[in-house]
Each structure stands twice: as structure tokens, then as C-alpha cells.
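Please consult the sequence and the structure shown here alongside the text.

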Amino acid sequence: MKVRNSLKSLRTRHRDNQIVRRKGRVYIINKTQKRFKARQG
């Protein structure tokens with residue numbers, strides 16, 4: 001999982017990427033390609 005300041009550029013890398021808010025943090029998850037995971041922080 002990558003930790004980045006800005007997730008907007010990471011979201012456009014794959015069409016299945018989704019931005020999810022969990023416990024006050026912003027995550028990018030991808031159900032089909034598990035390697036596109038990121039957390040804002």
C-alpha cells in the first residue's frame with residue numbers, strides 16, 4: 001500500500017479504482033487489481 005499526500009493522480013491509473021473514506025482516512029481500493037491500493041496521509 002502506498003501512502004501519498006494526494007490521491008487524485010493515483011485514482012486515474014486504473015478504471016476500477018475507488019476512493020473510500022474509512023475511519024477518517026482516505027483510501028483507494030481496487031477489487032480487480034489488488035496492487036492499486038493507497039492511503040492518504
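Which residue forms a salt bridge with D16?

## Salt bridge

The model discussed here is predicted. In it, the salt-bridge partner of D16 is R15, and the closest N and O atoms of the pair lie 3.6 Å apart. The structure holds one salt bridge. In general, side chains of opposite charge can pair when their charged atoms come close.

The two partners can also be described by their accessibility. R15 has a relative accessible area of 75% and is therefore exposed, the cut-off for that class being over 50%. D16 has a relative accessibility of 24%, so this residue counts as partly exposed.

## Pairing of strands 2 and 3

Strand 2 comprises residues 18-22 and runs antiparallel to strand 3, to which five bridges join it. Within this pairing, I19 has I28 of strand 3 as its bridge partner.

Strand 2 and strand 3 form a hairpin with two residues between the strands. In this hairpin, K23 adopts a positive phi near 55°.

How many of the five residues of strand 3 are buried? Strand 3 spans residues 25-29, and four of its five residues are buried, so this strand is largely enclosed by the rest of the structure.

Terms used: Residues numbered from 1 in each chain as written. Predicted model: local features only at pLDDT ≥ 70, side-chain atom pairs only at ≥ 80, totals over all residues. Heavy atoms only, no water. Buried < 20%, exposed > 50% of the residue type's maximum accessible area, 1.4 Å probe, protein only. Pairing = 2+ DSSP bridges. Salt bridge = Lys/Arg side-chain N within 4 Å of Asp/Glu carboxyl O.
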